[in-house]
Amino acid sequence: MALSSWLSRLRSSSKPIYSNLKNSLVHKQNTRLARTLIAGSENGEKPFQSSWLVMAAAASVASIALQLRNNDGSSFCDAPNINQIGKSIGGNGSTDYLVKGTHTKVPQGLIEELKVICEDNMTVDYDDRYSYGKPQNSFHKTVNIPDVVVFPRSQDEVSKIVKSCNKHKVPIIPFAGATSLEGHTLSPNGGVCIDMSQMKNIKSLNLDDMDVVVEPGIGWMELNEYLEPYGLFFPLDPGPGATIGGMCATRCSGSLAVRYGTMRDNVINLKVVLANGDIIKTGSRARKSAAGYDLTRLMIGSEGTLGVITEVTLRLQKIPQHSVVAMCNFPTIKDAADVAIATMLSGIQVSRVELMDEVQVRAINLANTKNLPEVPTMMFEFIGTEAYAREQTLIVQKIASEHNGSDFVFAEDPEAKKELWKLRKEALWACFAMVPNSEAMITDVCVPLSRLAELISRSKQELGSSSLVCTVVAHAGDGNFHTFILFDPNQEEQRKEAERLNHFMVHTALAMEGTCTGEHGVGTGKMKYLEEELGIENLRTMERIKDALDPNNIMNPGKLIPPHVCL
């Protein structure tokens, strides 16, 4: 029986077995055999001589299915019972932070094609490739590193690079500012890393429309420096060093999201190179449109798994006429969180509502030789006319006083305001100064605003009983909070404890109808929580979209969609 005939019979007689076998091979990067399962024999394989192979295939699929269950029979993504005595919070559902993949040597033919496309703008040097394969900011690590790093200078070059990789079925890993935290830029299967840092031009600024067209490699801070003389700014402020392309890929936000929304609300359209090298534009420059599928929002947050972003049109805002920055202290973290909720319910349009716990304030004092009261602290920013900003400040001062707030101070001087926000933006580096030679696991849960105080209070109880130093910072106005869990990377027990605390907060947030990631994205680190949060049918729909746009699974494989999801 010919291979194609055998596959046809398998498909018609047992669709579940056929589908599971195909998808298992795809996710294990056995793309050659997976394509055979999709399209039949393409390479002249000898015909199968014995029907026992059908039984062997079925047994293989059954084995694969069993591998997707835990020792206790639960699903790979089932939430553990956090009340079980004697078991870690992670349970069997925890995945290793060291990401493993199957590495296949990149064909020399592809190397030669890339040399023609990129000329000298590529490297195969080990030290260069190692720095891309082991990102400094990521808690998650991988065994393999990229085989090649390329530095395209134009959209056309990106298209040619992707087309060549697709022809050779070699993985692609887009790379930009290297500030992501969940293993988005790891290369578990080797492949070609596309560094977009050379593509950072501002292509057009449309002042009357308050939008700008940029290449993906430009940083948000660089962009705002360019826009400031025009009285405009781009209102998202993630970590320093983040680039516009990476911000789109992870659907990030920042402290200003409570006023201006996340990345999905501030992108008008994109240009994207698909897996086959085609270039699409996802929409027009109109501020609203009801034409067709919303491909812009599909690509934002896709983490490089559907295409490589090569151009972004962004919505801009006017620099506020006046602003006031205020700080207030509280006896408990719950009091502070309650003020955030009460402020939002009052209808005041604050632009920032940030929370720091007493441990974080202590780190700031040590790192900056400050003498701030080491208690839970809230920071606010109010914008508008001078009169309006001051009026908002007084209203929130009254709200804070009703929730045991004290030492309410505010600043209007530009340098004083900048200094206050600098303390908050550099919170993580203050933690490293407090605990030298440590690494940080950074959590990113988000819940409906009404559950924020409860979530933070429960989390603080768990963090306080841990042997590790843990600090809390929150974008409290939209229910998103982070924990910096500091641990010694050379101590395995400390790493496991950090993972346990992360599990606790994620599962607690999910039980409150929240999310495992408010702004950092999924990458490799959060995949294990997606079935509990989204449901298997949601994930299968995502897999169908991925399979349609990237049938060879070359686009940032091993990210976003859990490997056990089968069509």
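Me: In this predicted model, what does buried mean, and which relative accessible area marks the limit?
Reply: The model is predicted. A residue with over 50% relative accessible area is exposed, and one in between is partly exposed. Buried residues have a relative accessible area under 20%.

Me: Are Asp 550 and Lys 546 buried or exposed?
Reply: Their side chains meet in a salt bridge, 2.7 Å from N to O. For the pair Asp 550 and Lys 546, both residues are buried.

Me: How many salt bridges does the structure hold?
Reply: Side chains of opposite charge can pair when their charged atoms come close. One of the bridges joins Lys 203 and Glu 311 at 2.9 Å, N to O. The structure's total is 30.

Me: How many residues apart are Lys 203 and Glu 311?
Reply: Lys 203 and Glu 311 meet in a salt bridge. Lys 203 sits in strand 7 (residues 202–206), and Glu 311 in strand 12 (residues 308–315). The pair thus links distant parts of the chain, with a separation of 108 residues.

Me: Why does Glu 311 count as buried?
Reply: The limit for buried is under 20% relative accessible area. Glu 311 is buried because its relative accessible area is 7%.

Me: Which residue forms a salt bridge with Lys 528?
Reply: The closest N and O atoms are 3.6 Å apart. Lys 528 lies in the loop between helix 19 (492–511) and helix 20 (530–534), and its partner lies in helix 19, so the pair ties together parts 29 residues apart in sequence. Both residues are buried. The partner is Glu 499.

Me: Why does Tyr 230 count as partly exposed?
Reply: Tyr 230 is in the loop between helix 8 (220–227) and strand 9 (232–233). With Leu 207 and Tyr 226, Tyr 230 forms a nonpolar surface patch of about 270 Å² accessible area together. Tyr 230 counts as partly exposed because its relative accessibility is 38%.

Methods: Residues numbered from 1 in each chain as written. Predicted model: local features only at pLDDT ≥ 70, side-chain atom pairs only at ≥ 80, totals over all residues. Heavy atoms only, no water. Patch = residues over 30% accessible without salt bridge, like charges linked within 9 Å, V, L, I, M, F, W, Y side chains within 5 Å. Areas by Shrake-Rupley, 256 points an atom, 1.4 Å probe, with all protein chains shown as cover. Salt bridge = Lys/Arg side-chain N within 4 Å of Asp/Glu carboxyl O. Helix = DSSP H or I, 4+ residues; strand = E, 2+ residues; numbered from the N terminus. Buried < 20%, exposed > 50% of the residue type's maximum accessible area, 1.4 Å probe, protein only.
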